[in-house]
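Colleague: I'm new to this one. Can you walk me through it?

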Amino acid sequence: MTNEANFSPTIQWDFGTAYELFISLHVLHNPDQFGIRASWAAGVRSRIPAAERKLLEDVYSLTGVPMSWISNLPMPKDAITALWALKQIPSSQRMIKLQEVDKPCEDDGTEMSAKHKQFNETLLRIADSRQWTLQDADFFMKVFGKKPGRSLKRDSLERALDWWSRPDELGDGFLSALQSYYQAFFEEEEKRIRPALQAGLDHAKDLSTRLSVQELFMELSQGVQLGEEFHASRLVFAPAFWTTPLILFEKLDADTQLIVFGARPVNMSVIPGETVPDGLVRSLKALADPTRLKILFYLSRESLTPTELARRLQLRPPTVTHHLSELRLASLVELSLEHEEKRYAIRKQALEGAFENLTSFLQNDPTRE
């Protein structure tokens, strides 16, 4: 863990719904990872014309969220700004510009910088040479095969690489698909979530005046301890709605770390019109499992690694990792990385908050706006 006495970064803030334009698509293509109903996510994607929807489904596993590119957009840094900026890039360079920097890590820093570099270099080479090899496909299968909950089938990967070997066609198609998504869904969604994002940013700024850097990071990440992987002289925080409670983070340069933190209010759902808050559903779902209750029992006494928990529960490590992911998604456990080893502990305050949210929901009329 980072020693606070020797770590005093400058805190900066960023804001823009352009982050959510890409993040929401990322979530819609990986709904299980973010606790979203797959049927609802598929319904939203179905609003995009078939050809463009197919392109996004084929390539989004390799594109992800271009956080560095978004961070450099001019204000107001909204969806229209992002679409305008993309249109200014020549078709053949459009996707390359989005991939010029390391891909962002998701919540726990499982990707290593060496893999990041090879990932991007391989995509750039494929776009430049207009072809990919079986060795390229093998590499990407190994990368995605190590990411829990994000398995990628070989034929899906090869379709994505086919697109990358046609950069002009991909650049035009991706922009068209993004514009269609904006018109079909995100234009209205942007209006809905903007006030929540602004409130989340204002709350974070207020916390920064009262908390240490370590405490602020723990609050905004909803359970991730500030470790060496986040060490930078500048920390830039930006609020997100769709990824709550998880974080995305990316090294912008040698001195700057960007952290996009979940800022969706506990009384709101990611699904428009849904009156039952996501956080409440996730908490109750996480608690309604005997194995996860046993995990919380052990973590309430000491912090443990997945391997240590697996031994105590006499379960396979992948099974324990799955349950820990559900608990993390419900913000009921905190996570620290020690020498690239994940260690978990219970978040007692969050557990108490889950019961308070249930009480509040039962006492109020969820149909009243």
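Modeller: Strands are DSSP runs of E, at least two residues, and helices runs of H or I, at least four, numbered from the N terminus; two strands pair if DSSP finds at least two bridges between them. This is a predicted model, where local features need pLDDT of at least 70, side-chain atom pairs count only at pLDDT 80 or more, and totals for chains, interfaces and linings use all residues. Residues are numbered from 1 along each chain as its sequence is written, and side-chain values use heavy atoms, leaving out hydrogens and water.

Colleague: Which residue in β7 stands opposite Leu335?

Modeller: Tyr344 does.

Colleague: New topic: at what angle do α5 and α10 pack?

Modeller: About 170 degrees, with the axes of α5 (residues 79–88) and α10 (residues 167–208) 11 Å apart. That makes α5 roughly antiparallel to α10 (the cut-off is over 145 degrees).

Colleague: Which residues in α5 meet α10?

Modeller: Ala79, Ile80, Leu83, Leu86 and Lys87, and their partners in α10 include Tyr182 and Phe186. Contact means heavy atoms within 4.5 Å.

Colleague: And what pLDDT does the chain average?

Modeller: The average is 89, and 90% of the residues score at least 70; pLDDT is the predictor's confidence in each residue, from 0 to 100.

Technical notes. Axes fitted to C-alpha atoms, helices over the stretch in contact; angles between N-to-C directions. Parallel < 35°, antiparallel > 145°, perpendicular 65-115°, else oblique.
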